[in-house]
Amino acid sequence: MRFGAYTACLHDKPVEEAVGILAGMGLDSAEINSGGFLPPVHIPDAVLAGDRGAIDEYLGIFADKGVELTALNCNGNPLHADPEVSEPHAEGLRRSIALAAALGVKRIVTMSGLPGTDAAATLPAWSVLPWDSTYLDARDYQWNAVAIPFWKDIQARAAAADVRIAIEMHPHNVVYNPATMLRLAEQIGATHVGAEMDPSHLMWQGIEPVRAIEALGELVYNAAAKDVRINDAAKVNGVLDDRFGRVAPDDPGALSLGGRYTLSRWPEHSSWDFVSVGRGRDLTGRDHDASYWREFLQALERVDPDIPVNIEHEDQELDQLEGLRFAARTLLEAAGKVPVA
């Protein structure tokens with residue numbers, strides 16, 4: 001089992017420096033962005049163009065540091081009702097499959113996407129609790145008319161390239177929990193489309209990650225190490241708390257998610273927060289210390305002893321290196337390895 005990080009949190013540094021930082025923390029795996037919500041900052045243009053010499057030189061950066069490029073990341077919304085978003089995100093995923101094959105990388109992390117409610121819709125809509133048949137109508141359209149045809153095509157492309165697509169089960173997507181992951185896999189006859197086990201997006205839904213791994217079994221292709229802390233505000237507003245704020249595209253620090261859309265502002269006194277591995281707490285009040293993460297890693301090992309586990313650092317209370325270092329220390333301790341200093 002390899003332990004590493006998704007390098008998006010180090011996009012302000014050249015790829016050589018970013019890989020060196022991971023190696024210096026005792027990590028030996030890297031996941032690199034290849035499109036979608038974020039540009040492929042850590043992949044040179046010549047590599048994206050498929051130049052063989054550039055690819056060999058690029059892979060040498062990782063080999064020289066003792067780090068393996070274990071996955072590409074192309075998270076986005078390839079099913080968005082607005083083609084300004086869906087078209088580049090879908091094409092980015094298709095290009096990432098060809099790029100992964102050229103690089104010899106066997107995994108691509110992505111999201112399933114979310115369409116609109118019907119063919120006339122201009123915005124996506126999440127039918128999370130279809131207690132009213134109105135929402136069943138919307139869900140059926142999203143799956144039958146949009147998601148299944150798209151993912152059948154991606155399944156065929158991935159199989160032809162012998163690349164496995166690992167879907168992050170993320171709220172505001174058609175696939176957001178094990179049941180929806182299993183539904184998609186069954187309906188597209190999946191052999192090369194499975195799950196990325198990012199426990200953070202399951203935790204705040206009240207899902208136990210170990211139970212989720214057991215439910216999905218060999219469909220788990222890749223893993224992320226990201227934690228969640230459930231706050232006291234959840235006792236009042238629950239985890240479906242919509243107090244997010246709008247960020248204009250021209251606001252300082254605005255993060256584009258495609259087209260005119262941006263990452264929203266996190267609420268004050270939030271119900272839950274993303275935190276570095278080891279700083280989390282679940283709905284039962286259990287702290288996510290090294291023993292908690294040891295159970296997670298053991299469950300992954302039972303499915304695939306060679307699965308890569310890459311830190312995704314989104315802890316707003318710790319800076320990029322402090323947060324990575326804290327997560328790496330907890331992860332390596334949980335794995336029984338010598339923690340980083």
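Colleague: Which strands make up the closed barrel?
Modeller: Bear in mind that this is a predicted model. Eight strands form the closed barrel, in the order E1-E2-E3-E4-E5-E6-E7-E10, and their pairing is parallel. From one strand to the next, the twist averages 30°.

Colleague: How many bridges join E1 to E10?
Modeller: Three bridges, between strand E1 at residues 3–6 and strand E10 at residues 309–311, and the two run parallel. Ala-5 is the residue standing opposite Ile-311 in E10.

Colleague: Nice. And the helices, which strands does H6 touch?
Modeller: H6 packs on the sheet with contacts to E5 and E6, and its direction makes about 165° with that of E6. H8 packs on the sheet too, touching E6 and strand E7 (220–225), and the direction of H8 makes about 165° with that of E6.

Colleague: Staying with H6, which of its residues are buried?
Modeller: H6 spans residues 178–188, and the buried ones are Pro-178, Thr-180, Met-181, Leu-184, Ala-185 and Ile-188. They cover an arc of only 165° around the axis, so they sit on the same side of H6.

Colleague: What covers them?
Modeller: The cover includes helix H5 (133–161), strand E5 (164–168), strand E6 (193–197) and helix H8 (209–216).

Colleague: One last thing, on the backbone: which residue just after H6 takes a positive phi?
Modeller: That's Gly-189, with a phi of about 60°.

Key
Residues numbered from 1 in each chain as written. Predicted model: local features only at pLDDT ≥ 70, side-chain atom pairs only at ≥ 80, totals over all residues. Heavy atoms only, no water. Buried < 20%, exposed > 50% of the residue type's maximum accessible area, 1.4 Å probe, protein only. Helix = DSSP H or I, 4+ residues; strand = E, 2+ residues; numbered from the N terminus. Arc of directions from axis to C-beta. Contact = heavy atoms within 4.5 Å. Pairing = 2+ DSSP bridges. Axes fitted to C-alpha atoms, helices over the stretch in contact; angles between N-to-C directions.
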